[in-house]
Amino acid sequence: MELIINGSLRELEAENLAEVVGLLGLTGKPVAAEADGQIVSSEEWKQMAVRPGMRIELVHFVGGG
Amino acid sequence: MLFAPIGEQGQRILMNRSVLIVGMGALGTVLANHMVRSGIGRVRMVDRDYVEPSNLQRQMLFDEEDAEQGLPKVIAARNKLARINSSVELEAVFTDATPENIAGLLEGVDLVLDGTDNFETRFLLNDACFREGVPFLYGGAVSSRGMTALFIPGQTPCLRCLIQSADSGGQTCDTIGVISPIVDIVASYQAAEALKFLVGAADKRRSSLLTLDIWNNQYYEMKLGRAKDSCPCCGLRQYPALERKADDLLSLCGRESVQVSGHEPFDLDIWSGRLAPAVKSVKLNPYLLRAELSEGERLVLFADGRVLVQGTSDIIRAKTLYARYIGS
């Protein structure tokens, strides 16, 4: 299905947010997620069903400095 | 003072404020520069490292002479900052921030500014700040990306509410690089939030996690939302990073560098004499001793008892060299 991830249209086959994070290779990384403007805690990613057109923001925390 | 939202009264308030900057690298030097030029009353700086030539590309308070002398970053920074604004009380603490000393470092501080380069220390700061009730101003930068957020105990989530993992996937300034503009931008955003917080302009605070990529022209603000009930710090009042584990005495520290802590403080003059016959060369300054080993690596001994093994990222190899020259 088509999802809008970090502002870009992406075609991904995923049922929930945890799968989206996995498909993007971000499982286990310091990532915060927002779906349609609402922050979603990582414990809820599996329960968070995704649907076509959903706007997902994945913020990968930066460790340098 | 001409800037009306701060004004004369705000400037007086700032003179009575105190900040702690942890990490005096790329972010830390920009933060310190802003805090000192803004006339914050007391600036305490802590860092474990010394100036090397590779730092000069982005760490704005240092110069070639500092690198040549191998001065501790906090000392080189203090020397420069004291010439910028002599009315600011500067405190340079040349050590590693640890679970043992962090409470002392936070004493009397209104705000902690994040200038660190790793998540382990950030979680330590986060946990200590949320236990002690001190706001923590996170900032990070790598490559052309950066982010920042202000975490206030009792008012906002903390870093642990947002992320659990400390895995940076090997993406550090020492491995994939960083361009200096993103460092200045992130640290300047941090400095602006610091001024708003310190002067009491609560209504002007940004309540989001700001993330930007200046190379790819991206800018995004994620609302911080509420603290999580299941968060170890905010919900459960446990502070995992404040519990020291035995194997924490050995840690990877930047590229090709392993830090070994836990030794008694070193008398550097005595150790200079002791190591000189056994190694290729030794260089000594009042703060540290650098020994070039015939094996190719370098040992750096710090007066506080830490040793840096440079030239390897293999912990076993570092332990071997440590045992060979320092003892077990």
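Tutor: First a definition: two strands pair if DSSP finds at least two bridges between them. Keep in mind that this is a predicted model.

Student: How many bridges join β12(B) to β13(B)?

Tutor: Strand β12 covers residues 288-292 of chain B, and it runs antiparallel to β13(B). Arg290(B) stands opposite Val300(B) in β13(B). Pairing needs at least two bridges. The number joining β12(B) to β13(B) is 5.

Student: Which residue in the turn between β12(B) and β13(B) has a positive phi?

Tutor: The two strands form a hairpin, with 5 residues between them. One residue in that turn has a positive phi of about 110 degrees: Gly296(B).

Student: Which residue of β14(B) stands opposite Leu301(B)?

Tutor: β13(B) also pairs with strand β14 of chain B, residues 307-310, through 4 bridges. The two strands run antiparallel. Their hairpin has 4 residues between the strands, and Gly305(B) there takes a positive phi near 105 degrees. Opposite Leu301(B) stands Val307(B).

Student: Why is β13(B) largely enclosed by the rest of the structure?

Tutor: A residue is buried if 20 or more other C-beta atoms lie within 10 Å of its own. Strand β13 of chain B spans residues 298-302. It is largely enclosed because the buried residues number 4 of the 5.

Student: Now the open sheet of chain B. Which strands stand at its edges?

Tutor: The sheet has 8 strands with mixed pairing, in the order β3-β2-β1-β4-β5-β6-β7-β8 (chain B). An edge strand has a single partner, so one side of it is left without a neighbour in the sheet. The edge strands of chain B are β3 (89-94) and β8 (218-223).

Student: Which residue of β4(B) stands opposite Val22(B)?

Tutor: Strand β1 of chain B, residues 18-22, runs parallel to strand β4 of chain B, residues 111-114. They are joined by 4 bridges. Opposite Val22(B) stands Asp114(B).

Student: At what angle does helix α4 of chain B run to β3(B)?

Tutor: Helix α4 of chain B covers residues 73-84. It lies across β2 (42-47) and β3 of chain B. Its angle to β3(B) is about 165 degrees.

Student: Which strand gives the largest share of the side of chain A that touches chain B?

Tutor: 17 residues of chain A are in contact with 35 residues of chain B. On the chain A side, β3 (31-35) and β5 (55-60) each supply at least two residues. The largest share is 3 residues, from β3(A).

Key
Residues numbered from 1 in each chain as written. Chains lettered and ligands numbered in written order. Predicted model: local features only at pLDDT ≥ 70, side-chain atom pairs only at ≥ 80, totals over all residues. Contact = placed C-beta atoms within 7 Å. Axes fitted to C-alpha atoms, helices over the stretch in contact; angles between N-to-C directions. Buried ≥ 20, exposed ≤ 12 C-beta atoms within 10 Å, placed from the backbone.
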